[in-house]
Each structure stands twice: as C-alpha cells, then as structure tokens.
Amino acid sequence: MRKVVSGLFVSLDGVVQSPDEWQFAFDEEMGAALADTLETADTILLGGVTFTEWAGYWPTVTSGEDAGFAEWINTSPKYVVSTTLDSVDDWANSTLIKGDLSTAVNELKAGEGKDITVAGSPTLVRSLLELDLLDELVLLIHPVVAGEGRRKLFADDAALKRLQLVSAQPTSSGVIIATYRPAR
C-alpha cells in the first residue's frame, strides 16, 4: 500500500506560513531530503490555497534551478482537496477531490504507484493527521522564531495526537529534519 507523506518547513514556534519570509538558509541536506520526495512519490495532494498559489507559478518555470521540480510537479497527477474551488482545470494533471476525504485518500493509497506526497497545504496536513490518513510527517525545523501574525501548523486547541520519531538529522545550517509517524 502507498504511503501519504508530508514534508513542511516549520519554525521553532510552529509557523509554517510563508517560509520564504523566515527561512534563512537552504543547505545540501535539505535539498537531498526534498529530492528524495521526487524519487519516492509520484502523486501529489494539495489543499485549495496551495493549489491556487502554485498553479499560477509552477507551469511557467521552464529553466533555472527549479526546473527539475517544476517538470516533476507539472507532469505528476495532482489531487486537490478544496471546498471552495469548483475547478482545477487550469493546471495539467489536476483532479478536484469531491466527496469524502477518507474515501478518496484510501482509494489513492490502495492504487498502484509510489508514495503520495502532500505539497505545502498545512490545513490539509492537519486534516489527514486527524483522520489517521497521514503515514509520515517530515518537519524541516528551522532555528528561528517566525513570530506573531503567521499561521502555525497546529492550533493551540488541537486534539492530542501521539507521533513516533523515526529519524532526526541535523543539517549544516542548523535545521533539523525530523521524521515522525503517527502512533497507531
């Protein structure tokens, strides 16, 4: 069975919103961790906000250092979870998930292929974790306090959810790549 894996940049105070505003370094180890996603996943889950932001950008990238990722994400099947979008036809290989999230994700997991990655989409990550659909959560924890006014991965009133640490790797810039699996 395929796994659903999420990888997120997060600050010490739990912020995941706009990492481009507080992420101070991107090192080789972080690049290798993200490249691993390209090798181990062939399907992408996106929330509506991330889809809307990315659909206007990634199809336009054809050269430069992001060209490899752009080609991968543009050609991979993308499944969009949104209650506000009516169509995802403006980005090739995109399908809007309608109906029950658990049913849709379990069907994807039971299908053929490599892992399923969740790109960005912290609201979707929270939902997948709450519904016990997320198999791995990879956090790239940056040694920075991003501060107020930014959205955190988990709300202060989030329900208790136990996770098991699978691995933790410090990088040359001080980021810790921590991989967790839900305790089941």
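Is Ser-11 buried or exposed? At 3% relative accessibility, Ser-11 counts as buried, where buried means under 20% relative accessible area, exposed means over 50%, and partly exposed lies in between (1.4 Å probe, protein chains only). The structure is a predicted model, in which local features need pLDDT of at least 70 and side-chain atom pairs count only at pLDDT 80 or more, while totals for chains, interfaces and linings use all residues. Residues are numbered from 1 along each chain as its sequence is written, and side-chain values use heavy atoms, with hydrogens and water left out.

**Overall architecture**

- The protein has five helices and eight strands; helices (H or I, at least four residues) and strands (E, at least two) are DSSP runs, numbered from the N terminus.
- Along the sequence, these elements follow the pattern β-α-β-α-α-β-β-α-β-α-β-β-β.
- The radius of gyration is 16 Å, close to the 16 Å that the globule rule gives for 184 residues, so the protein is as compact as a globular protein of that length. This radius is taken over C-alpha atoms, and the globule rule is 2.2 Å times the number of residues to the power 0.38.
- The C-alpha trace spans about 40 × 40 × 35 Å along the principal axes of the protein.

**Burial, surface and contacts**

- Of the 184 residues in the protein, 40% are buried.
- The accessible surface comes to about 10,000 Å², and carbon and sulfur atoms account for 51% of that surface. Accessible areas come from the Shrake-Rupley method with a 1.4 Å probe; for residues, only the protein chains shown count as cover.
- Among contacts between residues at least 6 apart in sequence, 71% join residues at least 24 apart; contact means heavy atoms within 4.5 Å.

- Ser-11 is placed in strand 1 (residues 4-11). Apart from neighbours within four places in sequence, Ser-11 is in contact with Trp-22, His-142, Val-144 and Ala-146.
- Asn-74 belongs to helix 3 (residues 67-75) and counts as buried at 16% relative accessibility.
- With neighbours within four places in sequence set aside, Asn-74 is in contact with Trp-58, Pro-59, Trp-91, Ala-92 and Asn-93. Asn-74 and Asn-93 are 19 residues apart in sequence, and their C-alpha atoms are 7.4 Å apart in space.

**Backbone angles in two loops**

- Most residues other than glycine have a negative phi.
- Ser-121, although not a glycine, has a positive phi of about 55 degrees. Ser-121 is in the loop between strand 5 (115-119) and helix 5, and is buried with a relative accessible area of 4%.
- Asp-132 is not a glycine either, yet has a positive phi of about 60 degrees. Asp-132 is in the loop between helix 5 and strand 6 (136-142), and is partly exposed with a relative accessible area of 35%.

**The second largest pocket**

- The second largest pocket holds about 180 Å³ of space. On a 1 Å grid over the protein atoms alone, a pocket is an open set of points with protein on both sides within 12 Å along at least five of seven lines, and lining residues have an atom within 4 Å of a point. Grid points are joined across faces, edges and corners, and a volume is the space filled by probe spheres set on the points.
- The lining consists of Arg-126, Leu-129, Glu-130, Phe-154, Ala-158, Ala-159, Leu-160, Lys-161 and Leu-163.
- Helix 5 (residues 122-130) gives the most to this lining, with three residues.
- By class, the lining has six nonpolar, no polar and three charged residues. Here Ala, Val, Leu, Ile, Met, Phe, Trp, Tyr, Cys and Pro count as nonpolar, Asp, Glu, Lys and Arg as charged, and the others, Gly among them, as polar.

Technical notes. 1 Å grid on protein atoms, 1.4 Å probe; cavity = no way out; pocket = protein on both sides within 12 Å on 5 of 7 lines; lining within 4 Å.
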